[in-house]
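This briefing concerns the structure shown below.

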Amino acid sequence: MATTVTLRAPDINCGHCVAAIKRAVSALPGVAAVEGDIASKQVKVTYEPATVSLEKIEATMADEGYPVAR
């Protein structure tokens, strides 16, 4: 069953940032949807936990230069 999480990435500043995150995270197996919001600096990810871990999603965002804030 798919899970949806909202992650905060304070380094999001523009549409390019959101596009880079979407491209990288969407490429992961098990990720169904990625939405980003520049104003709130949040990314909503819908994924299959049996296929991909939240840690892998967060690591992918960090690799793109957008680490998740706790």
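Three strands make up an open sheet in the order β1-β3-β2, with antiparallel pairing; strands are DSSP runs of E with at least two residues, helices are runs of H or I with at least four, and both are numbered from the N terminus. β1 and β2 stand at the edges with a single partner strand each, so one side of each has no neighbour in the sheet. This is a predicted model, in which local features need pLDDT of at least 70 and side-chain atom pairs count only at pLDDT 80 or more, whereas totals for chains, interfaces and linings use all residues. Residues are numbered from 1 along each chain as its sequence is written, and side-chain values use heavy atoms, with hydrogens and water left out.

**Sheet**

- Neighbouring strands are turned by 15° against each other on average, direction ignored; axes are lines fitted to C-alpha atoms, for helices over the stretch in contact, and angles run from 0 to 180 degrees between N-to-C directions.
- Six bridges join β1 and β3 in the antiparallel sense, and β2 and β3 also pair in the antiparallel sense over six bridges; strands pair if DSSP finds at least two bridges between them.
- Lys44 in β3 stands opposite Thr6, and Lys44 is also the bridge partner of Glu35.
- The hairpin of β2 and β3 has four residues between the strands, and Lys41 takes a positive phi near 55° there.

**Helices against the sheet**

- Helix α1 packs on the sheet and touches β2 and β3, its direction making about 170° with that of β2; contact means heavy atoms within 4.5 Å.
- Helix α2 lies across β1, β2 and β3 and runs at about 35° to β1.
- Thr60 has its place in α2, which spans residues 54-63.
- Thr60 is buried at a relative accessible area of 11%, and it touches Ala24, Val25 and Leu28, residues up to four places away in sequence not being counted. Buried means under 20% relative accessible area, exposed over 50%, and partly exposed in between (1.4 Å probe, protein chains only).
- Glu58 also lies in α2 and counts as buried, at 13% relative accessibility.
- Leaving aside neighbours within four places in sequence, Glu58 is in contact with Leu7, Val68 and Arg70.

**Nonpolar core**

- The largest nonpolar core has 20 residues, and those with the most contacts inside it are Ile12, Val25, Val31, Val45, Ile57 and Met61. Such a core is a set of buried Ala, Val, Leu, Ile, Met, Phe, Trp, Tyr and Cys residues joined through side-chain atoms within 4.5 Å.
- At least two residues of this core come from each of β1, α1, β2, β3 and α2, and α1 gives the largest share, five residues.
- Among the residues that Met61 touches, not counting those up to four places away in sequence, are Leu7, Ile21, Val25, Val43 and Tyr66.

**Cysteines**

- A search of the whole structure finds zero disulfides, a disulfide being a pair of cysteine sulfur atoms within 2.5 Å.
- The sulfur of Cys17 is 3.6 Å from the closest cysteine sulfur, that of Cys14, which is too far for a bond.
- Cys17 is buried, with a relative accessible area of 6%, whereas Cys14 is partly exposed at 32%.

**The loop at Pro10**

- Pro10 is found in the loop between β1 and α1 and is partly exposed, at 32% relative accessibility.
- Pro10 touches Lys41, Pro67 and Ala69, residues up to four places away in sequence not being counted.
- Pro10 and Ile38 are 28 residues apart in sequence and 9.4 Å apart in space, C-alpha to C-alpha.
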